[in-house]
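Q: Hi! I'm new to this one. Could you walk me through it?
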Amino acid sequence: KEDKRMVVDYIEQLQKQVVSIQQTCYTVGNEVIDATLNGLLPQLKDAEVIVKGNCTESIAMSHVELCTIVANLLQNAVEELECLDIDEKYLKVNAVQGKQYMKLEIINCSAEKAIDKKSNLPISSKEDKKNHGIGLKNVKETIEKNHGTFSWECRDGEFRVTIALPINKGKK
């Protein structure tokens, strides 16, 4: 029909869809981390989500272990944000690849946490203590078993987990 206006409208609609997809597709360059980010973060409808950084080298642990670590940390953050009754919620994920380690930092707004004196980890706020509250313990053990580091802090309304995982330089 050679209707130029129709073509322009069609292209503008496609561009809006691409921008929308780009805004909800999270990537740091590692297939396991990217899949976990994209599996869990789109459910956050009322929180600002910022994912930065990259990790293009292979991490020196099994995909299952890496998925366990990242999924537990992100699921904790998502659940915390879903429970919070505040107006401005946020989740920040920062990945920094070094020469020997990849540092992953997950930061979210949070309520204050009670700390288990034995494990020095936050106590789960879920009622079913028998089946909950073991995620961070598993994360910490898995990271340490694979020669990485794990730290966390909760202060001033913010929960921050920082992990460092060894990379296999040159291996994909």
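A: Happy to! One term before we start: contact here means heavy atoms within 4.5 Å. Also, this is a predicted model.

Q: Good to know. Among contacts between residues at least 6 apart in sequence, what share join residues at least 24 apart?
A: In the protein chain, that share is 66%.

Q: And how many helices and strands are there?
A: The protein chain has four helices and eight strands. Following the sequence, they come in the pattern α-α-β-β-α-β-β-β-β-α-β-β.

Q: How do α3 and α4 cross?
A: Helix α3 covers residues 63-83 and helix α4 covers residues 135-145; their axes come within 9 Å and cross at roughly 145 degrees. The crossing of α3 and α4 is left-handed.

Q: Which residues make that contact?
A: On α3, they are Glu65, Thr68, Ile69, Asn72, Leu73 and Asn76. From α4 come Gly135, Leu136, Val139, Thr142, Ile143 and Lys145. Sorted by class, the contact of α3 with α4 has five nonpolar, five polar and two charged residues.

Q: Last one: what about the surface of the chain?
A: The accessible surface of the protein chain is about 11000 Å², and 51% of that belongs to carbon and sulfur atoms. As for burial, 36% of the 172 residues in the protein chain are buried.

Notes: Residues are numbered from 1 along each chain as its sequence is written. This is a predicted model: local features need pLDDT of at least 70, side-chain atom pairs count only at pLDDT 80 or more; totals for chains, interfaces and linings use all residues. Side-chain values use heavy atoms; hydrogens and water are left out. Axes are lines fitted to C-alpha atoms, for helices over the stretch in contact, and angles run from 0 to 180 degrees between N-to-C directions. Helices (H or I, at least four residues) and strands (E, at least two) are DSSP runs, numbered from the N terminus. A crossing is left-handed if the near helix is turned anticlockwise from the far one by less than a right angle, and right-handed if clockwise. Ala, Val, Leu, Ile, Met, Phe, Trp, Tyr, Cys and Pro count as nonpolar, Asp, Glu, Lys and Arg as charged, and the others, Gly among them, as polar. Buried means under 20% relative accessible area, exposed over 50%, partly exposed in between (1.4 Å probe, protein chains only). Accessible areas come from the Shrake-Rupley method with a 1.4 Å probe; for residues, only the protein chains shown count as cover.
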